[in-house]
Structure formats: structure tokens, C-alpha cells
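I opened this structure for the first time and kept notes on what I looked up, entry by entry.

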Amino acid sequence: MLQTRQSRDVLSSLVFMAIGLIFCIGSITYGDVRGGVPSAGLFPCLGGMTFILLSAINLGLTLKAGSAKAGLFFPQADSPRKLSLLLGALFAYGVALMFLGFFLTTLLFMIFLLKAIEPQKWGASLIASFSVSAAAYILFEVLLKVQLPVGILGNFRLWNLF
Amino acid sequence: MEIVNHLLLSFQIALDSGNLFWCFMGCLLGTLVGVLPGLGPLASMSLLLPISFKLSPVHSIIMLAGIYYGAAYGGSTTSILLNIPGEACSMITCLDGYQMAKKGRAGAALGISAIGSFIGGTFGVILITVLAPPLAGIAVKFGPPEYVSLMVLGLTFVTYLSSGSMVKALMMTVFGLLLGCIGTDLVTGSIRFTMGLTGLSEGLDLVPVVMGLFGISEVMLNIEEKMLEREVFHTTLRGLIPNRQEFKDSAGPIARGSVMGFFLGVLPGGGAILASIVSYAMERKFSKHPERFGTGYIAGVAGPETANNAASQGAFIPLLSLGIPGNPVIALLMGALIIHGVTPGPLLMETHPNLFWGVVGSMYTGNVMLVFLNLPLISIWVKLLRVPYVLLFPVILMLCLVGAYSINNNILDVFIMVFFGVVGYLMKKFEYPAAPVVLALILGPMLEKSLGQSLMMSNGSFRIFLTRPIPLTMLGITFLLLVSPLLLRLWKRRRPGLLLEGQED
Amino acid sequence: MYRKMVVLIGISVLCAVWTGAAGAQEKYPERPVQGIVPYAAGSSTENAVRLLGEYLQKYWGQPLVVMNKPGAGGGIGGNELYKSKPDGYTVGMFNLTNTTPELLMDPQRFIYKSKDLQPIVQFSGTMPIITVKVDAPWKTLPEFIEDAKKNPNKYRWAHHGRGSPYWQIGTALFQHAGVKVLDVPFEGDGKNLIALLGGHVDISVMTFAATNREQIKAQKIRPLAVPAATRYDELPDVPRVDEVGFPPHTIEIYLGVFVPKATPKEVIEKWRAAVKRAVGEPDFKGRMNQIGFPVWYKDTAEFEEHVVKIGKAQHDLLKKFGLI
């Protein structure tokens, strides 16, 4: 599946055509032209139509060009698994950041990535994650004064522990 | 000789130890901010503004300005090494810079980037010293119709940004234009395509999209390979400095980038991104080896990097001569000035010569400091890359995630970045170029707004574009550029034996 | 492996909760406060907010961070405040464009109503002026109107966007005079000024803030009239609009601090006291004037009334000209 360049181009062209259609239809509600000045709907409508047209041209060109084998879509057998784990981690980071606060979320994120994608040793993972999270905290929160989410840790300061 | 007096005054003030110190602090912070993806000079300057209240006006402006152009230097670092633009304007540097790094010439790319930035920046300062008032006059001449023609010209450069199929490049341009429609229509005020998310009501923020399309997607692609066997880049010692040939190839782009970048920077709303895009497109179009672009050709790094630094300097002109900020970062600087009791305006040069020439002088010293800061750092960056990718990629991702969040303190930007990471990954797999999307995302809304304004000015008539000199000229150039490949082919057909470097179809 | 992970997570959560409980008492403000400014970065309003923030930082030790939320004529900023947590860490530095949404044009931009916002204090405002380029042929407003009558749709005027107070001023003026002048929106004072200087528009309604003052001082632009209840101190020779044949324009563009209605009373009181103190400082007025802003202070009760009054006045004006 999707091993030939042609099949990939066909699929992508169709997807883009659908996107163009969505924009086109969506823009109708925004109106067309008002008093000689283009209204909010004109640009996206024209844009959507152009998009559909171009995608159709692309589709036509690729059908004419014929099949040619392309490289493997997923280069390794475990690529889909690694990718899904990665995406899951990224998404979870976004969700967790507001609840758990920066330090904890980053810590968990790093540990997870180091263990789940291409597993490293526990010791190395923990030390690396902890030090990177701490360093990042100092860099961003303290030095650059970025306002990072605080989460359930409250205003956790390392030196409060002592 | 007015100018000599001015220059002497600038240096006298700039070389004062207090000013040197704050200039250095600003440059250091700026470099750091520029290197970290997502974190931009705007965010850090506005957070450091309260600190600057405690300093004298000259010191605080010098420091804040240092952050501003320091960021322009630092932004190319991650672009070259990781394909993640540190600043939105460094996106173009990714195209050839990252390829150069893959070929083991990361040091050379970083080096020429620093050198080009220095030349561009210094050139810019010289022009400011000499030409500030007349240049300001030009800036004012650009109204909505002029911007429309500029945007249209800019959009035609899209075709020069990608190496593959023209149709796909055009498709991606339109895709970017459609993405640009998300948000509030600037002319009528209606909110479009936001699907109820208020975070999208101002449109897609450029930085998360760029970071996603270029950076996150790159990490995703790398993850797919067996990482344990992967060393990021092999860089020999020879790879640390540009060789003779590379210097020769860069000379022209640097020269052209300086001039063109500066003038584009003077125009309010023009800016560093546009400058780097135009430089790349121009170099490619007029190069003897257009096919080398995109594979790691140093001209593709030298030109844009010089241009965006020259543009950063150019943006000071409307501020210093008219009191009008050309972009949000300069606007912040202006705010800082005003709070310190110095209102920029046409009289600034006369009422506060010390401040004016002090700032200009610190631009010279700032550029020098930055080139000496950045060059030694190159070997450090290169060493950092020896860290195994398995350990490196979580750090990279984390920096991107924090960077995305820090733009607006809005978690939505993080999700946008991840979303476009997936989009970028798919686009790479299906062989669609990403750069045109970004270009169109920038230019599209500006074009739509300026078009609306122009038509309101002309009461609905399109003749306004033909009756004014600047739009007429620009549209003429655009037309010629579009038609030239056709003309070339016609010419080729008439003279079949002639070998010409034509455009791809 | 998974068991180890669970243990690890459990330990870190325990650590977190323990130190969190041992942490310091909540004292407002404990961290930086966000001030929503419904204009793009670099607006003149921002400068006034930053100046106030400087004093607040002195009292509280925490900075007031400007959060730019431009768009939809103040709608984006207003919506943002409405949705924020009512804990006092997000306040709105708003003017009349988004505090009485249901009384203005296109109320669907806003997801809230007047009653959802709590005004705390007013500390400043914006002074609109009507200007032309200094080499323009008109020395007074009536002269321009004369010319415009003879040349409908020839001249263009700049404002800050449909529905904005500046647009209201200009539209009311030109409708009253019965002239057709093309309107062109620009985002922000800076673009407005460039348009005027570059000749892209012929007349402009802009603010009398810092940069524009410098332009007037440098004799690049000329103010023709002020749409206000009294002449401005710094422009003693510039007449009010009602002195040159137009109905008086008394809709004050105030600038005040707003929070969501549910914000705790202690927080509101803290703000009220702090701003009052800042306004009373000896150098506050001078510094505000120097950046182009007046010091117009109103305490909570008075301000609440003022907001309602101005909202109604806008509503009546818009209705009078058939705009809503």
C-alpha cells in the first residue's frame, strides 16, 4: 500500500481537493462582495477553488506519468509504533502541562521517551531526565523569566526542600 | 563633515564602558533567545522591560536593541543544525543550511552565517548613519497599493523556493493562503474558520507552524530510522570553516543580500522574513547553478542570513526618523523609549543626539560583539551534536514544546505545533514542499488586508494600481518574471542548438 | 518495567504534594499579573499600561505583563478576559470599545455582556484629534468640509477600524455635514500616521499620544479640531468640533482596569488602592502627560456609572445615524 509514487500522489491530491472544497463551502457564509470591496468570503472561496483546480491538475499529471516504485513508506518495521508513541507523548505533554506544571511534565515526558521508543537503561534515563528538566527549569523560569505553568506542584522551589 | 562628527560621537558614546557592558548583556541574551526555538526577542524583551526601567535610557535601549539583533544572529544555529528555525526569519536558512550540515559542513554554514550577518548588519548601520532621513521618506511612500504589489511580487518568488514539481509548489502556496484566512478578516472584522477556538481568532501564529512543519517533522522522520546506529553528523575539523570556494560563492549573495535586505527592512511590515525569502529566490533565479540550491549550497545560506540581519537594522529607520515602528519588536523598543521619556519622532536626532547616536554606535559594537560571540560557539554546537540522537531528541522536543508555549502563554500553540508536525511529516513523505506554505501564510493576510484598504481608497476601482508609480513598476516586474520562462522557451525553440538553464515545469 | 514506572510516578507525585503543602501562603499577587491590551504590540495604550505597571511593581514586587490581544475592535481582548480565571491574575486594560458590548455594533463579536465585567478604576484615557498633513490646503475643518462637498468620494480619511471610537467620530462628523469621504481602516496609530504622511489619505482621526505629538511639534501634521468636551491643554489654539459648526462630541475614551465579575473582593480592593496610590504620586501625572496620556481618575462607584453612561451615549449616536 502506498508503495508507488503514483498512489501517493493520487491520495494526496484527493485529500487536498477535499480540503479545498471545505474551505470553499465554509466561505460562502462569509459573504462575497460588499460595496465594491471584497468581503470576508471572497478570498477563501477563490483560494479553495484554485486549490481544487491545482489538485486536479496534479492528479491528472500523476495518472499520466504512470507508476514508479518509491521507497518504503515506513523505513523500519517498528516505525509506526515509534511514531505513535512519539505523537502520543507530544499530545500528552500539551494536556499535562497545565495540570502537572512544567517540571513534572517535562520529567515524565523525558523518561517516557527515553524508555519507550528505543529503551535505554533505567539509571541513565533517570539521571538524564532529571538533570535536563532541572536545567530547563532554571534556564526558562529563572533566567529568562518565561511564565511556565505551575500545576499541582505549586511554586516548587528546589531549595524549599531543605 | 556632518557625518564624521556623527560617527565620532557614536563611537565615543558606544565605547563607554557602561554602554559596552549592557550591549554585551543584550547580545548574549539575544543570542540565547535566538538559539532556543520558539522563544523570540519579543517575548524576552517584554519580560525584561521592567528590569530596564532601573537603567538609564541609553543603557536600556542599547540592551534591548542588543537582544533584538542578537536574536537575528542566533536564530540560524538551530536552523542549520537541526532543521528547526530558531526564529521565523531563519526558516530559509534551513533549506540549504541543514543540508550542508548533513554533508558534514555544519561549521562552514554556521561560520558563513555569522560572517554574513555581520556584514549585513554593519552595512545596515552605515546606511542608517548616512541615509536615515531620505530613507524614511521612502518608507512613507508605501501605502496599501504599494504593499499589494510588493506582496504579489513576493508570492511569485514561491516558485523559486522549491526544487520539485511546480504544480506541487503552487498547491502548497494556495494551501498557505487558505491557512492565512483562518482568523479575523482585518477589513470587515468577521472571524473565519476558527471552529470556535478563540486561540485561533487572530489566525495561526507563524512560529508554531514553522516549528512544526520544519522541526517536529524532522524529528519524526529521524525517529523512524534505527537511532542507535545513527550519529547525527560527522564533522571534521576542516568542516568548521568555510573553504576558499565557499567564500567565493558567498561573496555575491552577501553583497546583494545586504543591499536588498536593508531596503526591505525599512518598509514597515516588510521585515526580515521577507528579506530572507527574496534573497534566496533572487540568488537562485540569477545563479549559474540553480539546481544546487536545496542540496546544501552555501549561497543559499549566505544570502538569506545577510539579508535578514540587514533588514533588522533597516527596521530602525522608520523608528529613529519618524517615530513609527515597523514591526512589533521595534514597537516594543519604542515603548521602552517613550517610558524613559524619550519620544522618537522627526526631532529625535536634534533633541536627543546622545541617545540617537549612542544607539547607532552600539549597533556597530553590537555587531562586532556578536560575530566574536558566535564564531567560537560554533565548535561548541558541533560538539553538542555528537551526543547520541536517542538522548538528544527528547531534549530537542522539549525545547520546542516550551518554545511554542512561551509565545503567547497559550497551550493551543503547542497543539498547533504538534499538528503541523504531523502535517509536515506527511508532506515530506508525499513529497510536497513546506516553504511555500509558510511564505503564503505570511503574505496572504497582508495581501488581503492591503487589497481591501486599496479598494476602499479607490472606491472600488482597480485603476489605483496602475496610476501610482511604485505599484505599476512592481507589477510590471512581476509580470516579466512570470512570463520570462515562457519567453525563454520560445527563444530556445527558435534556436534549438542553444543550451539554456531554463525553469522546470 | 511498567511497575517500575508506576512506582517512579508515585514517588514524584508524593514529593510534589509534600513540598506543595509546605509551600508559602498565597498572597496576591504572588506571580506576574497579565494585563490584556486589546491592541497590537506597540500601541500607545501599551505605554500607559506599562507606566502604571512600573508603579504597581514597586508596590507589589510583581510585574504587570502586557498581553496583546488585538482584533475584532476589542472583541478578542474582551473575550479573553471573560474566559480567564477570575483570580486577579488577568485584568483587562480596556476602553469604551469593548466594555458595553451589547450596546455597540456587531455585538456578536463578543461572548459576554456588560454585566460580566467589573470595572475597578479609571486611570487615564485617549484624546482623539483630527489632523491633516501640514502642507494640505485646508487650515480649518469647515474648509475641508467645503472642499469635500464639491468633490464627493475624492478624499479619504483614516481611522482605526469600523466600529472603533475614531470611526464613530469621523462617520458622525461627515454624516452630519452630508459629505461623502471614503473611509480606510488602519491597524494602529503608526500605520494611520504613515498613511497621512504619505498622502495615502487626506485627513485622519488619530490619537494625541506621544509620537503624534512629536509630529505636530515638528510641524509635519496639523490638528484641525478636537472631538472632546474641552480644548486640550497642550493645543490651546485648536478648536473643539462644536466650535466649528458640529454637534459637540463628549464621548470620553476612558482607559480603566476591568476584571471578570466573579473576581474576589480583596483582589479588587488591592487594585483600587494600588492605582489610587499610583495616581497620587507626585511624578505620575507629569510622566503620563509626557507619554501622551492624561490622568483621569475615577474610583469604582463613579467609574461604574461612567461606563454605563458612555455606553449609552455611544448607542444613541450609532442609532442616530442609522448604524445599528
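I began with Leu53(A), which is exposed, with a relative accessible area of 52% (exposed means over 50% and buried under 20%, with a 1.4 Å probe and protein chains only). The model is predicted, with local features needing pLDDT of at least 70 and side-chain atom pairs pLDDT 80 or more, while totals for chains, interfaces and linings use all residues. Residues are numbered from 1 along each chain as its sequence is written, chains are lettered from A in the order in which they are written, and side-chain values use heavy atoms, without hydrogens and water.

I placed Leu53(A) in helix H2 (residues 42–65) of chain A (a helix is a DSSP run of H or I, at least four residues, numbered from the N terminus).

I then turned to Thr31(B), which lies in helix H2 (residues 17–35) of chain B and counts as buried at 4% relative accessibility. Beyond its neighbours within four places in sequence, I found Thr31(B) in contact with residues including Gly70(B), Leu370(B) and Asn374(B) (contact means heavy atoms within 4.5 Å).

For the interface, I noted that 62 residues of chain B are in contact with 67 residues of chain A. Leu178(B), Phe193(B) and Phe430(B) supply 11% of the area that chain B buries against chain A, more than any other three residues (buried area is the accessible area, 1.4 Å probe, that two parts lose on being put together, summed over both).

Definitions and conventions
Helix = DSSP H or I, 4+ residues; strand = E, 2+ residues; numbered from the N terminus.
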